[in-house]
Amino acid sequence: MSTVSPNLSSRTPLSERLDLIVSPIFAVILGLIGTAVWLYSDIDSITEDILAPEKLQRQLGETLVLGFSSSILVILVAIPLGIVVTRKGFPRLKNFLVDTLGLAQALPAYGLIVIFFSFMGAGITTVIFALATFSLLPVLRNTIVGLEQVDKSVIDAGRGMGYTSRQILMKIELPLSVEVIIAGIRTAIVINVGMSALAFLVGGGGLGETINSGLKLDRGPAILIGAVMVAILALVFDFLSALAQKYLKPKGL
Amino acid sequence: MDFLLSLLEFAFGRQEQVLEALAQHAGYVVSVLVTAGVFAIVTGIVTRRNQLARELALSIASVFLTIPSLALFVIFIPLVGLGFAPSFIALFLYSLLPILRNTITGLDGIDPGVLESAKGMGLSPLQVLLRVELPLAWPVILAGIRVSSMLIVGIAAIATLVAGGGLGDFIKSGLARLPLPNSLEAIWLGTILCLLLALVIDLILQAARLATISKGIR
Amino acid sequence: MSEPLIRLESVSKSYGSGAEPAVKKLTLEVEKGEVLVLVGPSGCGKSTTLRLINRLIEPTSGKIFLNGEDVTDVDPSELRRKIGYVIQQVGLFPHRTIAENIATVPRLLGWDKAKIESRIDEMLELVSMDPETYRDRYPKELSGGQAQRVGVARALAADPDVLLMDEPFGAIDPITRDRLQNEFLRLQQELKKTIVFVTHDIDEAIKMGNRIAILREGSEIAQLDTPEAILSHPADEFVESFLGSGAILKGLTLKKVRDIDLHQVPTLTAPVARDQALQALQDSPDQVAVLLDDKEQPTRWIDEKALNRTSQPIEKSGRPVTVNLQPEDTLQDALTTMLQSSVGMAVVTDRKGKYLGCCTIESLAKLIMSEG
């Protein structure tokens, strides 16, 4: 749930491996807690109604749609934008963006969703745009940082051998920054899946509904099971992104 | 422009309420930064020599950041009830990673020659830590604290959903009253005050940076 | 005289108005097949000058001709594909294998696959790297010296006429650097490329260059001449101070052992009779003789004292000959070997180790003095 990108400089083989081990373990523990609550606590008819399978199924579907659409929207906007501002001629815009992004982290997602709602009305598109705006920052920042950390001498050598600007971008800069950019996308996906739990606030559905019903009707087990499901979903997506990060990065790095 | 005026009017019409929400919000940030700061720095110091312990601590801290905020806020309700407690726990867990990571990076980044010569002059390990390592790593640690502070200012707005107060109260009440008069003002006020609070905290940390970092490494 | 391959005509480059130009009205010609070294203190604009040639930097004014053609008229990327480029940081693509790195320009030029494949092996062999071992490795698995070998192979892959080298050996440890320099000189003897070579190291300039341009600030030529001429007749104080002390010592890298009149000491071929050996030593003005084995390779220095120690066979007395000079070695190598030798002279052999004669301080001094 952060706009903080994973630490890029110190990704050791060990930390990469732990990356793929620790979140599944957490997911399993949370799953066990959820199951235990479901099996051993008092489940009255109201709780049963909140946790009705067809409801959960619908909410899960909504959450996935929200997470996917907003992530794709972010990728389509933030990466090209990051590429543009790192080209020559935009140093001011880039510095402005980098400076602003730090502070913009303090923007509450809650407020953002509600503000979008006040303009766009209820519904799923509102939430998708709000989420995309909120998770734009990590992808944009990682795209900028990723492109800028490419060794200048490698670019110089590429230019010196006759690569055109486009070839340098496609064959050197992007391959060499893909790991950092994917790390940003990973953060964005986790944010989007997680924040889609707030979609219920503006009629966008999602698993947040279960939590909200639990809160409103004071049903602890429902709250807990809802929270566990949201958390597991985020952990699963984080895990999948970590896999992508591992296998999409070019060999030789 | 009209909206800005009515926003100001709304804010100054409820000074007491605004100040209370601000104080609650800032209270979260300060208490969390202090406790999580101490906890993360100590963890970083303790685990820094053992690679497995260090990476494990980092991995666990980063899993906390992966868990959606609403989930983390409500998951402790069955144990500790509503209000301040679940919000504090969630924010505490969220703010660990940036501080822990920067503590480890900062301590790692110290020139081994400096440590060698400190040892050579007869400083005990504790003295080396307190007089050499921490002062040299402090700028990096402080940068981590800054990232954490920005992060929790934003997330603390969720506290209102578990009756934890803070600036989220305005957003919640505004949303509940839409489209009645003053509802938009309430939503924007909550959001903008979060950004302003973040700006003020950032300035304070900048000042702390100037005051606490040796001129030699600034 | 033939048309120079590269010609800079009153070229200037300034960054922003008001600032002193990095290159000020530079006119320079590079002949086909020569190594022209640009040398000067840091910030004198030598790298900028180099990068003007392949238009990594666009000149503010002036013209640059390559093969008589104005390079400001052609597409810069196409131009660069025809010019080899080697830099200090090497700049290998870390995400590509060694083979893919070397194939960069041939691929850009659209060579067919089979030709590229065979070219990769040819290039690796050219820089003394085993293709089988290195083709599929990644740059991070190479040492600094190996990386720069690949850098040179990559620059030469499309067989460019011109090679631009910006401090190519600057980041490499002194011993490896020396070896790479020697190998590069050997390569250049075969390839006869036209090379512009930038360095801040005057010793490297003297060693590598057919001609040297000593530059001062603004890339202004202080002196442009052969290394010999610059060493013997520095144009002004700037050049003199840049050469530093010991210009004669620096000149030692310019001459080879083959230029020396070798001194002949008595030779003994194993097996030898003791009295015969004594006789030979007493007939000679030298205090020492060289013992050769059956392949005429020098093995030991033999003097009277050693011969008189009858407890040991002659083949095991005296001191061993540890280092041989060869005709291609520089006078600097000769001087070092002599100073380290126990008898104050050094043995010279041919490439196969066959004895040719000895090199003495006197013969070295005679050669240097004859230059005047």
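Start by selecting C:Leu356, which sits in strand β17 (residues 355-360) of chain C. The model is a predicted one, so keep that in mind at each stop.

Now show the surroundings of C:Leu356. Setting aside neighbours within four places in sequence, the contacts of C:Leu356 are C:Leu262, C:Val348, C:Thr349 and C:Asp350. Select C:Pro327 as well: C:Leu356 and C:Pro327 are 29 residues apart in sequence, and their C-alpha atoms are 9.4 Å apart in space.

Next, colour the open sheet of chain C made of 4 strands in the order β11-β12-β13-β14, with mixed pairing. At the edges are β11 (267-269) and β14 (319-320) of chain C, each of which pairs on one side only. Strands of a sheet pair through backbone hydrogen bonds, and they do this either parallel or antiparallel. Look at β11(C) beside strand β12 (residues 288-292) of chain C: the two pair in the parallel sense over 3 bridges. To find the place in the viewer, select C:Leu268, which stands opposite C:Leu291 in β12(C).

For an antiparallel pair, move to strand β9 (residues 211-216) and strand β10 (residues 220-225) of chain C, joined by 5 bridges. Here C:Ile214 stands opposite C:Gln223 in β10(C). The two strands form a hairpin with 3 residues between them. In its turn, select C:Gly218, which has a positive phi of about 75 degrees.

Finally, display every chain. There are 2 pairs of chains in contact, and chains A and B share the most contacts. Chain B and chain C have no contact, and their closest C-alpha atoms lie 22 Å apart.

Stay with the contact between chains A and C, which takes 17 residues from chain A and 21 residues from chain C. On the side of chain A, the elements giving two or more residues are α7 (152-160) and α8 (165-195). The largest share, 6 residues, comes from α7(A). By class, this side of chain A has 9 nonpolar, 5 polar and 3 charged residues.

Terms used: Residues are numbered from 1 along each chain as its sequence is written. Chains are lettered from A and ligands numbered from 1 in the order in which they are written. This is a predicted model: local features need pLDDT of at least 70, side-chain atom pairs count only at pLDDT 80 or more; totals for chains, interfaces and linings use all residues. Two residues are in contact if their C-beta atoms, placed from the backbone, lie within 7 Å. Two strands pair if DSSP finds at least two bridges between them. Ala, Val, Leu, Ile, Met, Phe, Trp, Tyr, Cys and Pro count as nonpolar, Asp, Glu, Lys and Arg as charged, and the others, Gly among them, as polar.
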